[in-house]
Amino acid sequence: MTELLKSLRTWPWHIVAPVLLFVAVAVLAPWLTPYDPAAQDYMSILQGPSWAHWLGTDYLGRDLLSRIIGGARVSLTAMSIVLLAALILGVVVGSLAGYIGGRFEVVMISAIDIFLALPSLVIALALIGIMGPGYWSMIVALTLAWWANYARMSRAVVVAELRQPYIEAARIMGANHLHIFSRHILPSVLALVVVYASADAGALVLAIATLSFLGLGVEPPTPEWGQMLVDGMGYLEDNPALVILPGLALTLVVVSFNLLGEAFALSKVPRPARGLTLSRRRRDRAKEEAARAQVEARP
Amino acid sequence: MPDFPAIQTSGVKVHFRIAPGRFVKAVDGVDLAIPAGTFHGIVGESGCGKTTLARTIVGLQSATEGEISIAGRSLSNWRRADRKGLARKMQFVFQDPLGSLSRRQTIEQSLEEPLIIHGVPDRRKRVEALLDLVGLPRTALGRLPRSLSGGQRQRVGIARALALDPSILICDEPLSALDVSIRAQIVALFADLQAKLGLTIVMIAHDLAVVREICSSVSVMYLGRIVESGATERVFDDAAHPYSQALLSAVPSPDPRIETTRERVILAGDPPSPSNPPAGCRFNTRCPLVFERCRNEEPVLNPATHGGLAACHLSQADQHATI
Amino acid sequence: MSTASGPIYEVGDLVIDLYAGNVSVRAVDGVSFAIHPGETVAIVGESGSGKTVMTLGPLGLLPEGVTVDIRGRAQSGGQDLLTLGPRRLSELRGRSFGVVFQDPISALNPMKRVGPQLAAQARRLTGATGREARQAALDLLKRTGIPDPDDRYFRYPHEMSGGMLQRVMIALALAGKPKVLIADEPTTALDATVQAQILELIRQLQREDGIAVLLITHDIGVVSRVADRVIVLYAGRIAEEGPAFEVLTAPIHPYTIGLLDSVPDLRKSIGEPRQGIPGVPPDQSMLVPGCRFAERCPKVEPRCRTHRPPLDQVRGRAVVQRVACPPQLRALREMADA
């Protein structure tokens, strides 16, 4: 944990900030929205931007700004539930497979591979077909479509970790499986998988929007970006902002999460110092050298 | 002193299957008896099975055949009936000090771990005593292994191995990852600990000079077998097995006055693969003194002139020869 | 050894800074040395002493992932290596310098048979035709003591043992008929008995060709066996330099004394256990005034902490021995006067 805090200072804040902004908006949505996102107002339908409605209104007179902010909250909630559930399922199955090994591992790997081979949306669509559309069906479907990735990753980490001498050291100390698993294996797995999961969030937001767009996810009148896109399509000529703005919100969120993922992946690879950092370091070095020369020049 | 050795192995074999019907015979019939309180070195080149032997003794690797007993009780019995008791009896020091410590645990957490597992009370006090024992400052407690130097990490590894107050320490090349000047510090630490705590230490090593410096007895391994063993000084001064002689001769002396004048034996070729050891004496393909009998009959360990044992047809005390 | 002619490779006031991630390291801090045809110079130092960076840095052979700043001079055959572009440098490297790495398997292409790799190198560096290059490759395999070269020519690297691969590496380094053979810990990964073979091979090749050998090592035994001259590095600076015999039998710099004291000798009986050098090497990310060894030095004086010790010639010895320790040199002078 202290390690994480220390690395905070060196985080690429320009990449983290947009993601944090999205999370903040979603969490604070009830206080940020000027109107109830579901409140209809037939006196002001399909209006353009005004002081009353900064981004205008839709065909039911609902405030677009409120709906976009509300949509952020819905997306974040659904995404968090799915991520958490998929993480728990994936980490438990994957770590156990890697730790127990043998036939159990073979069976589990096969299951994971089957889930990985199918596109996650296909799995989700099939499950929703069975369970019927709805918010919770979507959550379950996406969880089942998502967990395999984390299971595969967890298993890989466990297998690599088990070869480490420090695990053998714990074994020689007389540690039992529970001790080794909870004290050494699980922390290593979580450290990696949670990071990757946070970068996966963008794809998940998109998947939620897709299902809602297809009418299989979040149901009206709950504000949701994918669903807002469908609603707005009919009024593209009257008020294109109804399509453009939810689409833009979605794109920005997905891109920020993906950039975060890229940054995480790149931070694992050592890179030479470059550009501004390099010139700053060179300057510091030259200063140090001058200071040293001054001390050494004294008689 | 108890009348049974601290560690005894009889006919221990460890074979790894690499393909159907093909085995790497890493350890292929090792008999050892290490009396309590000795500092025993095991030397040999890579692939001779010395590390596998050490791992088998502590139970990280199971033996394909043969029996190992620790303090007079068989290892399998220990592991079945009293795994924690075995951990308090015998501990292991790893070659790679960084890998043997969890990278996300502070030094304090690493040193506490065995104490937690065994429910030892008053942990902080014990941890501090361990730091003093291996010569580490208190400030090391809050640090991560990565921020320590190689020598300090190995001190932590040794402290952790000693946390449960074991009487036997098995060390797998504990010095090979360290720099020369640091190596000497750790050698001194081992010597000091052995004297202070009366430990039985088995040290796998490839640096023969270090073995001569701290080990009271030594075994030389070649292709999964022990070819010679005895008191270190006597074996090194008067090696009976041609392989031991060549191994000793291969080590250059840091003193050019000795190095430029001494006679050298340079062996031809590389050690054969342990998956297919030669028939007869395993050393016959490289031995400068090979004769017919060596190709047909495998020599067994017999008393040698230096008072130890050697497995060479030429070395039986009466017909001792050197090359 | 003949040192009558000028140096074949000469480095002057070399400073190398490495920048990677969020660390800056002064790996080499003002080092000058020269190597003459036919001599074997050992560069001795512990990890982090800069021995590899100092030797391979001017040749442009440093690991990826770091930014390297080099200042100073590195001259060979009338050219300054530091002013050459990557292409010219690579050309010069193959023809004037042969490099043998610690780990031969990573230096060879695992997908290609060793003979053709060797022939390709010979063709690239000497402009030989295919047939000539093949013959050259076979000759090299023979010269480096590889038994049954006609068969080994068609083997893949993974089919050969560590000792054989190191011989192939040496053959590869010799393919361009270099004037300097740089060997970076050539025997560290090898077993004792095989190490002895490889050292013997390097010596024999040198006697035959009269090439200069620059041997990077941390093993004092290796130095004692093959080196004519030795350069002792500590934290990126030369602590002591001179003929191997003098430096190893009568070291002057406190670091050299401590280092040699740390090395046990298999052929001497046991005395008291050695204590090594107390402390650890300094942090090289900061530039501080004074001697880098001051923190661990038993002979430290106040001036050592503020002034860089110059690398001065030892007076009163028949050979050229240089030591960067004014207090020790002063003590020697006083002893001679008395």
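This is a predicted model: local features need pLDDT of at least 70, side-chain atom pairs count only at pLDDT 80 or more; totals for chains, interfaces and linings use all residues.
Local features were taken at pLDDT of at least 70 and side-chain atom pairs only at pLDDT 80 or more, whereas totals for chains, interfaces and linings use all residues; side-chain values use heavy atoms, with hydrogens and water left out. Residues are numbered from 1 along each chain as its sequence is written, and chains are lettered from A and ligands numbered from 1 in the order in which they are written.

Helices (H or I, at least four residues) and strands (E, at least two) are DSSP runs numbered from the N terminus, and two strands pair if DSSP finds at least two bridges between them. In chain B, eight strands form an open sheet with mixed pairing, in the order E6-E7-E8-E3-E9-E10-E12-E11. Strands E6 (90-93) and E11 (302-303) of chain B lie at its edges; each has a single partner strand, so one side of each is left without a neighbour in the sheet. Four bridges join E6(B) to strand E7 (residues 168-172) of chain B in the parallel sense, and Phe92(B) has Ile170(B) in E7(B) as its bridge partner. Helix H10 (residues 242-250) of chain B packs on this sheet, where it touches strands E3 (39-43), E9 (217-222) and E10 (225-231) of chain B, and its direction makes about 100° with that of E9(B). Contact means heavy atoms within 4.5 Å; axes are lines fitted to C-alpha atoms, for helices over the stretch in contact, with angles from 0 to 180 degrees between N-to-C directions.

An open sheet of four strands in chain B, with antiparallel pairing, has the order E2-E1-E4-E5. Its edges are strand E2 (22-34) and strand E5 (73-74) of chain B, each with a single partner strand, so one side of each lacks a neighbour in the sheet. Strand E1 (residues 7-19) and strand E4 (residues 65-70) of chain B run antiparallel and are joined by five bridges; Ile7(B) is the bridge partner of Ile70(B) in E4(B). Across E1, E2 and E4 of chain B lies helix H1 (residues 50-57) of chain B, at about 115° to E1(B).

In chain C, ten of the twelve residues of strand E1 (residues 9-20) are buried (under 20% relative accessible area; exposed is over 50%, partly exposed in between; 1.4 Å probe, protein chains only). E1(C) runs antiparallel to strand E2 (residues 23-35) of chain C, with ten bridges, and Asp17(C) is paired with Arg26(C) in E2(C). The hairpin of E1(C) and E2(C) has two residues between the strands, and Gly21(C) takes a positive phi near 50° there. Eight bridges also join E1(C) to strand E4 (residues 67-76) of chain C, again antiparallel, with Gly12(C) opposite Arg73(C).

Between chains B and A, 27 residues of chain B are in contact with 20 residues of chain A. The interface buries about 1,900 Å², 55% of it on carbon and sulfur atoms (accessible area, 1.4 Å probe, that two parts lose on being put together, summed over both). Three salt bridges cross this interface (a side-chain nitrogen of Lys or Arg within 4 Å of a carboxyl oxygen of Asp or Glu). Glu168(A) and Arg55(B) form a salt bridge at 2.7 Å, N to O.

No disulfides were found over all chains (a pair of cysteine sulfur atoms within 2.5 Å). The sulfur of Cys294(B) is 5.9 Å from the closest cysteine sulfur, in Cys281(B), too far for a bond. Cys294(B) is buried, at 9% relative accessibility.
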